[in-house]
Amino acid sequence: ALVTKGANIIIDFNVMPEAGAAIAADLDKEGIPMLSVDCLFDGAYFFGVNNLEAGRILGEAAVPFVDDKFGGEIEYIVNLYDDASGPEVKKRNDGVVEALQENYGVAEENVVWLDSKADDVKTQTMTRDWLNSHPDATKILFVGQNDDRGFAINAAVEGENRKEHSLIVSHN
């Protein structure tokens, strides 16, 4: 629709690699530049961050808090992410996990991935359910793909009176 209306440039916030790459290729054929936000596609200008590096930075920033609150140990890394946002945005969580694994060596079976479907209520429910199914866990680091997930995680942690057992990091 924007092409037929004579757009001179298109700013696209598509986080799905296949769709974004196809749009960029189509626009390139039309001679219309595309500015891609958050994901790098061939044929498009890029504005955003390196999601994996951003995650690693967040993971490293969490280290002093883990050391202070949990004595340098993590039992679980629980990731709440939105699969619909695609693999590029999921790299935010991947980077946190990588950085924490390098520092603490959390067992792979204790790195949990929960697809919250971009829904704050679902995120809060999943977090609450996970906490209730792990009543003995006392050193939990939650990773929210974005601040909406982080706020929902926090609401569940507070609601279940598990603040002393939890740290939460999130992006944005």
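Predicted model: local features only at pLDDT ≥ 70, side-chain atom pairs only at ≥ 80, totals over all residues.

Colleague: In what order do the 4 strands of the open sheet stand?

Modeller: Strands (E, at least two residues) and helices (H or I, at least four) are DSSP runs, numbered from the N terminus. Two strands pair if DSSP finds at least two bridges between them. Here the order is β5-β4-β6-β7, with parallel pairing. β5 (111-115) and β7 (166-170) each have a single partner strand, so one side of each lacks a neighbour in the sheet. Strand β6 (residues 140-144) is joined to β7 by 5 bridges, and Leu141 stands opposite Leu167 in β7.

Colleague: Which helix packs on that sheet, touching β6 and β7?

Modeller: Contact means heavy atoms within 4.5 Å. Angles run from 0 to 180 degrees between N-to-C directions, along lines fitted to C-alpha atoms, for helices over the stretch in contact. The helix is α2 (residues 51-70), whose direction makes about 165 degrees with that of β7.

Colleague: Is Ser36 buried or exposed?

Modeller: Buried means under 20% relative accessible area, exposed over 50%, and partly exposed in between (1.4 Å probe, protein chains only). Ser36 lies in strand β2 (residues 34-37) and is buried, at 0%. Beyond its neighbours within four places in sequence, Ser36 contacts residues including Asp12 and Phe47. Strand β2 belongs to an open parallel sheet ordered β1-β2-β3.

Notes. Residues numbered from 1 in each chain as written. Heavy atoms only, no water.
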